[in-house]
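Hi everyone, thanks for making the time.

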Amino acid sequence: MTQPKAHQMDGSTPIPADADWKIGVDIGGTFMDFCALETRSGRIASLKVLTTPDDPGAELLIGLRLLAEREGLEPETVSRFVHGTTVGINTIIQRKGADLALITNAGFEDVIELARLRMPDMYSLFCHRPDPLIPRERIFGVPVRMRAGGQETVPLDRAALADAVAAAQKAGAEGIIIAFLHSWSDPAQEAQAKTLIEEMAPDLFVFTSSEVWPVIREYERTSTAILNGYVHPRVSGYLTALQDRLAGQGVPARPMLTKSNGGLMTAGEGRRDCVSMLLSGTASGVIGASWLARQAGADRVLTLDIGGTSADFALIIDGEVRFGTDELIGEFPLHIPSVSVSSIGIGGGSIASVDDHGVLRVGPESAGSSPGPACYGRGGDRATVTDAMAVCGWLGHSQMAYGQLQMDVELARQVVGKLATKLGRGLEETAQAILDIAISEMFVEVEKLSSRAGVDLRDFALMPFGGGGPMLGAFLARELGMRSVIAPRRPGVVSALGGLVADLRGDFIRTIFADLDALAGAPLQDVYQALASEGQSWLQAQGHDGAGDLRLSADMRYAGQSYEIEVAIDTDWLADPTQIAQAFHETHRRIYDFDDPAGRIEVVNLRLSAIGTGPKPDFPVQAAGNASAEPTRLVPVYLNGWQRVPLFDRAALGAGATFAGPAIVAQEDTTFAIPGGATAQVDAHLNIHLTYAE
């Protein structure tokens with residue numbers, strides 16, 4: 001295999017002897033991406049390395065070695081190392097997690113089976129609920145009861161607990177989740193049970209629901225704890241190996257992880273707080289994109305991250321990333337704060353097929369990194385979206401993935417040709433149909449996202465990134481009626497960049513569940529002080545110096561409502577419920593176009609985010625001028641018929657360069673396909689801005 005070469009993102013001066021490197025790494029289904037910044041010289045290098053599914057983590061050593069060979073990076077000069085990984089979410093999607101047992105209150109053994117009695121898609125006749133991660137035969141109820149006010153009415157039955165642990169061990173459980181009623185109010189019973197189980201069965205790992213996420217509603221609290229325990233062995237093993245590999249290379253930096261909430265935590269904490277990193281790579285991509293968007297002066301952006309398996313969408317409004325607490329991890333809801341991302345199983349490696357009814361379909365099955373699309377020449381024998389792009393002429397004109405991949409268009413034509421024969425259509429027509437279906441699937445998902453957020457996408461710019469984002473992004477924007485597209489300088493490593501620009505962020509919660517009027521003054525202030533102390537302690541444990549930024553919010557609702565909304569709160573309001581009430585009414589009106597100023601307000605949870613701002617890279621800016629945009633040559637592309645379009649080298653496009661579509665911009669980490677009707681201009685940060693005529 002051709003060894004990838006690291007790419008300098010600018011042509012600045014050589015690295016000084018007292019170099020200081022900061023490295024962001026993100027691993028996906030096909031590649032591990034590296035974005036390395038030498039802070040003293042301001043030089044940035046990027047790199048992609050094919051993943052090694054049979055030896056997870058080996059690609060990290062390959063990347064570090066190549067950065068050393070190509071860029072002179074010495075491991076002992078690495079002062080910051082941030083890693084985003086999909087190991088947690090892949091464990092859930094593939095259902096390869098730990099065999100768990102659940103111990104709960106007697107009579108409440110069916111909580112995770114009942115869930116919320118809702119079907120995932122109420123309008124589908126073929127919809128079904130997922131099988132629980134813990135089968136019913138490994139769920140055990142024991143006599144124990146705590147009331148909502150924290151009063152113990154039934155003490156823990158130790159003999160029953162011992163019987164449950166023995167039964168769990170006999171059933172092959174590797175770990176135990178403890179979830180008792182009202183542990184959000186008082187975790188004492190869960191803590192007691194955990195201590196006893198660790199004495200009875202020291203070979204089992206144990207998590208309690210109150211230590212993972214101490215929130216009211218037993219299903220949400222229990223399911224979140226189960227997700228944490230389910231991925232724990234694989235995540236812990238992966239992170240232990242990561243720490244050992246870095247130490248073995250002489251890297252002094254304490255490895256950090258990107259979290260689902262867009263922040264960072266230490267790898268050591270991630271070994272226990274596994275649930276916080278389930279959307280690690282996805283969230284860091286959005287954080288990286290939002291940072292690039294602010295640089296480009298765009299404050300309303302739809303991000304599009306396309307990898308080998310999926311397409312992920314997120315909204316940036318007024319320059320801020322949106323957060324939620326009900327993201328789906330595979331088939332299961334995640335109830336901790338996370339960057340709001342919508343995903344669909346359409347990526348560059350998504351497989352196209354013809355079903356039994358003769359209908360062409362695309363995804364969600366993916367060719368992955370091994371063997372990958374047929375045109376990669378690694379043994380793939382089924383047509384993918386990438387193969388369709390190659391058949392239509394958008395790919396195959398330059399090396400890909402920093403020289404690791406040589407595009408074989410003939411192999412793509414062979415596999416797409418098989419589908420064309422089944423359909424009785426032409427080769428190019430079939431390839432174009434594959435692309436149209438992929439874009440249509442993404443269109444539907446984006447429309448759902450914009451409808452839920454109540455925004456008009458015509459007011460937004462699309463920022464495509466990932467290996468496949470620039471290939472399809474401009475076509476999706478055109479179908480959505482969006483008039484602007486911003487392609488970053490290095491789209492393929494935006495998620496890795498996200499780790500470099502992310503801050504430490506820890507989320508903490510206390511369930512209060514009381515009327516707002518009864519909480520004025522000391523009650524709210526006392527809860528805030530407890531949360532603030534917890535947040536500051538967490539920041540110190542992460543190695544952060546300074547007070548940090550503490551952001552407060554509350555989950556609130558009108559009395560009688562079933563669910564609440566999150567409202568940002570100023571700490572100066574804690575003594576005055578009137579200001580908090582006003583903020584709630586305004587937020588409720590903005591979301592639902594309705595409020596009830598005379599209504600009784602309930603506060604369910606108080607939330608605090610502790611943020612430790614980290615160092616931000618200072619990228620060089622190129623003065624805008626009248627740079628020329630000279631194509632390297634004309635190449636044939638299928639656009640309802642073959643025509644020759646200009647092919648540009650991204651590295652040769654300076655600030656101020658302009659050109660019109662249709663066109664192709666080739667670079668080492670991706671290919672930017674530009675349809676007709678778009679005008680392109682390069683800005684001072686070397687982003688390409690596409691504008692469609694109104």
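Predicted model: local features only at pLDDT ≥ 70, side-chain atom pairs only at ≥ 80, totals over all residues.

Before we start, one term: a strand here is a DSSP run of E with at least two residues, and strands are numbered from the N terminus.

The peptide bond that joins Gly 661 and Pro 662 is cis, with omega about 5°. There is another cis bond to look at, from Gly 363 to Pro 364, where omega is near -5°. Where does Pro 364 sit? That proline is found in strand β23, which covers residues 360-366.

Let's stay with the backbone a moment. Asn 640 is not a glycine, yet its phi is positive, near 55°. You'll find Asn 640 in the loop between β30 (633-638) and β31 (642-649). Leu 686 also has a positive phi without being glycine, and its value is near 70°. Its place is the loop between β35 (678-682) and β36 (688-692).

Now, are these two residues buried or exposed? Asn 640 has a relative accessibility of 75%, and the cut-off for exposed is over 50%, so Asn 640 counts as exposed. Leu 686 is at 17%, and buried means under 20%, so Leu 686 counts as buried.

Let's go inside. The largest nonpolar core has 120 residues, and those with the most contacts within it are Ile 23, Phe 34, Phe 81 and Met 556. Which helix gives the most to this core? That is α7, residues 218-248, with 10 residues. Apart from this core lies another one, of 82 residues, among them Leu 302, Ala 352, Met 389 and Leu 462.

Leaving out residues up to four places away in sequence, Met 556 touches several others, including Leu 516, Ile 565, Val 567, Phe 584 and Val 603. Glu 564 and Glu 602 are among its contacts too.

Last stop, the surface. Ile 591, Tyr 592 and Phe 594 form a nonpolar patch there, and together they have about 330 Å² of accessible area. Ile 591 belongs to helix α16, residues 577-592. With a relative accessible area of 45%, Ile 591 is partly exposed.

That's my tour, and I'm happy to take questions.

Key
Residues numbered from 1 in each chain as written. Heavy atoms only, no water. Core = buried A, V, L, I, M, F, W, Y, C linked by side-chain atoms within 4.5 Å. Buried < 20%, exposed > 50% of the residue type's maximum accessible area, 1.4 Å probe, protein only. Helix = DSSP H or I, 4+ residues; strand = E, 2+ residues; numbered from the N terminus. Contact = heavy atoms within 4.5 Å. Patch = residues over 30% accessible without salt bridge, like charges linked within 9 Å, V, L, I, M, F, W, Y side chains within 5 Å. Areas by Shrake-Rupley, 256 points an atom, 1.4 Å probe, with all protein chains shown as cover. Salt bridge = Lys/Arg side-chain N within 4 Å of Asp/Glu carboxyl O.
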